Structure formats: C-alpha cells, structure tokens
Amino acid sequence: MKQAGFPLGILLFIWVSYVTDFSLVLLIKGGTLSGTDTYQSLVNKTFGFPGYCLLSVLQFLYPFIVDPENVFIGRHFIIVLSTVALTLPLSLYRDIAKLGKISFVSTVLTTMIVCFTVARVISLGPHIPKTEDAWVFAKPNAIQAIGVMSFAFICHHNCFLVYGSLEEPTLAKWSRIIHVSILISVFISIIFALCGYLTFTGFTQGDLFENYCRDDDLITFGRFCYGVTVILTYPIECFVTRDVITNVFFGGNVSSVFHVIITVVIITIATLVSLLTDCLGIVLELNGVICAAPLIFIIPSACYLKLSEEPRTLSDKIMSCVMLSIGALVMVVGFVMAVTNPQDCTHGREMFYCFPDNGSLTNISVSHFQLTTQLSILNISIFQ
C-alpha cells in the first residue's frame, strides 16, 4: 500500500486475488484439455521443450528467492539450526498430502500474526505521525506492488501436486476449494496490510516486522511465529523444486538415496542464499516480477489460449488475453523498477519512534508534536 497508494492498494489486492483464482482453475482446465497431470507436462505439450525448460527454471528458482528467514539473535546460527532440525526432515517427505497438517499449523500461526498487528494498530498507531501522502489514491510504484502481491498468492507451481492429492479430483471440486482458499487468503492479506499501513503509513518497511521496536514482546513473539511459518511452508516449495530436478534429469523416478541427496542439496543451497541476504522487501519484489508474474499471469493464459478451441469471444479467452498482456507488463516494468528503484533495507535498525525515553512502545505515551520534533532532530525525511 505504501507503493501503490492506500485505496488503489486495496483494489489491487482484490484484483490479484481474482486473477490468481481464475488462473489456478485455468491450469487444471489446460491439463484436462491436454491430457496432462503436471504443470511441466502441460507446458511441454503446449510449447515443447523450450517452454518446458523455461517453466522448470522458474519453478526451480522460486524457493531460492523465497527463503528470507527472519531471525532475532544469532541469525546465522538459528537459520542453520532450524534448517537441520526442522526444515530438512520435513522436506524429505515424498507425499505432499502428508504436509497438509503442517500447512494448517502455518495457517493458524499466520492468523495469530494478523491478530498481533490488529492489536498494535490500536495501541501503537495513534502515537506515530502520519506522512503527508499517506492517503493518496495511487502512487507511481503500483506495478512493484503488484509484484509483491503476486508473490503473496502464488501457488501455481504446486497446484497439480495438490490437485492430484485430492481423494476425488474433479474440476468442480477444485474450483470450490480454490474459491474458498483464495477468499480466506485475500481477507488475511488485506487485514494484515491495512493494519501495517494504518500504523506506520509512509514509514512502512518491506518487512513489516522491521517497523516494530525490539522491546515489543508481543511482536517478538509474532516474529517467532513468522519464522515457524517459513519453516513449515518451505517443504512444499522444496517438494516442487525436487520434482523439477527428478523430472528433468531422472525421468521422474529416483531411488530413496538420490531422493535424500537431492533434498539435501536443495536445502543447503537455499540456506546459503538466506544467509547472504536479510532484506525482505527486495526479495519479495524480485520474486514477484521474475517468478510469480509468469507463473500466475503469463504461462496459464498462454497454455489455455493455445489448447482451447473455443471461440475467441469466450469470456475465459478474453480474460486470458488480458492476463497475458498485464503479466508481461508487470514482469518487464516491475523488474526495471525493482532494480532502478529498490526499497531501502533497514534490517536491524530501530525506527525513530522507538527512541523517546527508551520506553517500550506498548507503554509509550507521547504527543504528535514530540514525535515530530524527534523526527526533525534525527533528520529523517517523512518521504523516505
């Protein structure tokens, strides 16, 4: 919302969620038309080996860009420890259906995090000065915002795996599941974004937790919950990457030994990447425009348009053309803007409103004038 503008940000959230819902159903329709049961085989049958290679690269890269684990004390040690003790064992599962309960726990923790942000918008929001452009309808960085939103909703790379895990996989059943799931996801996402932006307005960071003070115990627990959700969610992403490797190099079948070796290699490389970066904002932007945009907007639409023999005036085909065009725009323009106008990285830096009296923000009581004075003294521009 900081990049897109407050009202436009909400509208874009709703639009991206609708496109995600539509494209997930479109993928299964494409699979039915082509007689395929995986994302890779669908693209391979539609666009041949070049398309298969492109999709494999995107699916392979996604987990490596998506693994910015946030930690609080002894960052490198905690990342390595949690990876070895939790992420690796969970990633060794060969049946994605067994990760269902783990995903449910992740959803519960996400709901708790949203509740924490709601509590802080009430207790903390009134004490932080609002920036002058906080409530404008739209801002020039809206395309970058679409990239981040796309990252929030992307699950296309494993949709065939989930579809195949259903007891009775049918298009109607899949559509109902997707509608409910996307509705819940967009509700949680909008509440989280609203609470964060209403609390900090123009000071909002790419990683919302960076806005809160270190001595805020409730938010510290929220950071812990977020770290656990990353640990519990990543095995599903690893499942897709491993599936790509086994299909490309081993014809889809590997022994138990090779299964373990491939998993360990994937987790090791992803952990090394996470150790090298701690700026979540730029990670979300790049992942959104490089991986999420083509996986959500471009590839499902292109496959359906080529496979379907329905009239061009059919609503699904019209929507697919619109998605394809917008996806290409978001991917190209979003990447250029992310590189030329990256978000500031403030990892580990206390915000100005954390300094008065060295008191906890849960107990802070300071006037707007005092905070504005502090801001001026620290020479921090409200437009940053």
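Student: Before we look at single residues, what does "buried" mean here?
Tutor: A residue is called buried when its relative accessible area is under 20%, exposed when that area is over 50%, and partly exposed in between. C238 counts as buried because its relative accessibility is 0%. Please keep in mind that this is a predicted model.

Student: Okay, and how much of the chain counts as buried?
Tutor: Of the 384 residues in the chain, 50% count as buried. The chain exposes about 17800 Å², and carbon and sulfur atoms supply 69% of that area.

Student: Is C213 buried or exposed, and what about C354?
Tutor: C213 counts as buried because its relative accessibility is 1%, and C354 counts as buried at 9%. For another cysteine, C321, the relative accessible area is 41%, so C321 is partly exposed.

Student: New topic: how many cavities of 30 Å³ or more are there?
Tutor: The count comes to one cavity of 30 Å³ or more, and about 80 Å³ of space lies in the largest cavity.

Student: Which residues line the largest cavity?
Tutor: The lining is made by T38, Y39, Q40, Q59, H157, F160, L161, V240, D243 and V244. The elements that give two or more residues to this lining are α2 (39-65), α6 (159-165) and α8 (217-250). Sorted by class, the lining has five nonpolar, four polar and one charged residues.

Student: Can we zoom in on Q40 from that list, and where is Q40 found?
Tutor: Q40 is found in helix α2, and with a relative accessibility of 3% it counts as buried. Leaving aside neighbours within four places in sequence, Q40 is in contact with Y52, L55, S56, Q59, D243, V244, N247 and V248. Among these contacts, Q59, D243 and V244 are also named in the lining of the largest cavity.

Student: Y39 was in the lining too, so what does I299 touch?
Tutor: Not counting residues up to four places away in sequence, I299 touches Y39, V43, L55, L58 and P294. I299 lies in helix α10 (residues 280-307), and I299 counts as buried because its relative accessibility is 10%. From I299 to S320 the C-alpha to C-alpha distance is 9.9 Å, and these two residues are 21 apart in sequence.

Student: And Y226, where does that one lie?
Tutor: Y226 lies in helix α8, where its relative accessible area of 21% makes it partly exposed. The C-alpha atoms of Y226 and L109 are separated by 7.3 Å, although the two residues are 117 apart along the chain.

Student: What about P140, buried or exposed?
Tutor: P140 is exposed, because its relative accessible area is 74%. The place of P140 is in the loop between α4 (100-123) and α5 (142-153), and its C-alpha atom is separated by 6.9 Å from that of A4, a residue 136 places away along the chain.

Student: Last one: what is the phi of T201?
Tutor: The phi of T201 is near 40 degrees, which is a positive value in a residue other than glycine. T201 has its place in the loop between α7 and α8, and at 0% relative accessibility T201 counts as buried.

Notes: Residues numbered from 1 in each chain as written. Predicted model: local features only at pLDDT ≥ 70, side-chain atom pairs only at ≥ 80, totals over all residues. Heavy atoms only, no water. 1 Å grid on protein atoms, 1.4 Å probe; cavity = no way out; pocket = protein on both sides within 12 Å on 5 of 7 lines; lining within 4 Å. Points joined across faces, edges and corners; volume = space filled by probe spheres on them. Helix = DSSP H or I, 4+ residues; strand = E, 2+ residues; numbered from the N terminus. Nonpolar A, V, L, I, M, F, W, Y, C, P; charged D, E, K, R; others polar. Buried < 20%, exposed > 50% of the residue type's maximum accessible area, 1.4 Å probe, protein only. Contact = heavy atoms within 4.5 Å. Areas by Shrake-Rupley, 256 points an atom, 1.4 Å probe, with all protein chains shown as cover.
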